[in-house]
Amino acid sequence: RLESTITESNGSSSMATVCAGSLALQDAGVPITRKVAGIAMGLILGDESKGEAPVILTDILGSEDALGDMDFKVAGDGDGISAFQMDIKVEGITLPVLREALESARVGLVHILGEMDKADPPPAGQMSVYAPQVEVIEVPTKYIGKVIGKGGEQIKSIVEETKIDTIDIKDDGVVTLTGAFGCDMARAVEIIKNLTIEPEVGKTYRDSRVTKVLDFGAFVEILPGVEGLCHVSELDV
């Protein structure tokens with residue numbers, strides 16, 4: 001979602017939003033294919049009985065919009081149109097007038113994009129740290145209860161530790177995590193993945209925690225919530 005606030009305008013605020021919004025998306029790290037601009041075109045019809053030709057206006061002002069015969073908004077670039085909208089105060093316009101208006105709009109868009117390039121922020125390459133964070137991962141359905149925990153205690157623990165906002169788990173194992181600026185989303189994802197890792201036979205697990213020592217060996221937590229017995233005959237001390 002892109003939100004635009006216009007405090008003052010003597011032209012097309014919607015087309016200004018297209019231009020500013022395109023730059024804002026780039027600056028925020030949103031991977032757009034290419035920039036677009038917007039321009040508002042106007043029309044003053046001449047007196048046909050006197051042989052007066054219609055006049056196409058480019059980038060109209062508020063007074064030209066109010067007194068003119070057309071408000072034709074075009075968004076896009078030199079290669080194509082991404083959106084357009086037309087309001088006319090006459091019964092209709094001819095195809096030649098429409099073609100002329102579109103060509104004038106194309107020339108205007110190319111010019112505006114050139115001006116935008118002068119202040120063009122380089123693509124951020126990643127989302128802004130201030131942007132809301134959303135991660136979607138999948139876990140085996142048999143581990144859903146483990147991720148939730150008794151009475152939701154595991155989810156509460158993750159939220160408290162990482163400061164994320166919500167963890168939503170569907171019956172098919174799809175987990176959606178959301179958080180605001182300052183949360184540790186990567187840590188939250190890591191905790192959930194560690195909770196759902198299945199032990200692999202033959203793999204060496206290091207830095208594991210000893211949870212209980214008995215005469216015949218020790219119980220070791222090799223993964224969160226996963227313990228195994230290390231027999232005394234396998235101990236190397």
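Two strands count as paired if DSSP finds at least two bridges between them. Strands (E, at least two residues) and helices (H or I, at least four) are DSSP runs, numbered from the N terminus. With that in hand, look at the sheet: three strands form an open sheet in the order β5-β7-β6, with antiparallel pairing. β5 (133–138) and β6 (166–169) stand at the edges with a single partner strand each, so one side of each has no neighbour in the sheet.

A word on the source: this is a predicted model, where local features need pLDDT of at least 70 and side-chain atom pairs count only at pLDDT 80 or more, while totals for chains, interfaces and linings use all residues. Residues are numbered from 1 along each chain as its sequence is written, and side-chain values use heavy atoms, leaving out hydrogens and water.

Back to the sheet. β6 and β7 (residues 174–179) run antiparallel and are joined by four bridges; in one of these strands, β7, V175 is the bridge partner of I169. Helix α6 (residues 185–195) packs on the sheet and touches β5, β6 and β7, where contact means heavy atoms within 4.5 Å.

Next, the cores. A nonpolar core is a set of buried Ala, Val, Leu, Ile, Met, Phe, Trp, Tyr and Cys residues joined through side-chain atoms within 4.5 Å. Buried means under 20% relative accessible area, exposed over 50%, and partly exposed in between (1.4 Å probe, protein chains only). The largest core has 18 residues, and I169, V175 and I192 are among those with the most contacts inside it. Helix α6 gives the largest share of this core, six residues. A second, separate core of 17 residues includes L43, I56, V74 and M116.

Finally, the aromatic rings. Rings of Phe, Tyr and Trp (its six-membered ring) pair if their centres lie within 6.5 Å; planes under 30 degrees apart count as stacked, over 60 as edge-to-face and the rest as tilted. A search of the whole structure finds two such pairs:

| Pair | Centre to centre | Between planes | Type |
|---|---|---|---|
| F72 and F84 | 6.2 Å | 80 degrees | edge-to-face |
| Y130 and F181 | 4.8 Å | 40 degrees | tilted |

F72 lies in strand β3 (residues 70–77) and F84 in strand β4 (residues 80–88), so their pair ties together parts twelve residues apart in sequence. Is F72 buried or exposed? F72 is buried, with a relative accessible area of 2%, while F84 counts as exposed at 60%. In the other pair, Y130 is exposed at 61% relative accessibility, and F181 is exposed at 52%.

How values were computed:
Axes fitted to C-alpha atoms, helices over the stretch in contact; angles between N-to-C directions.
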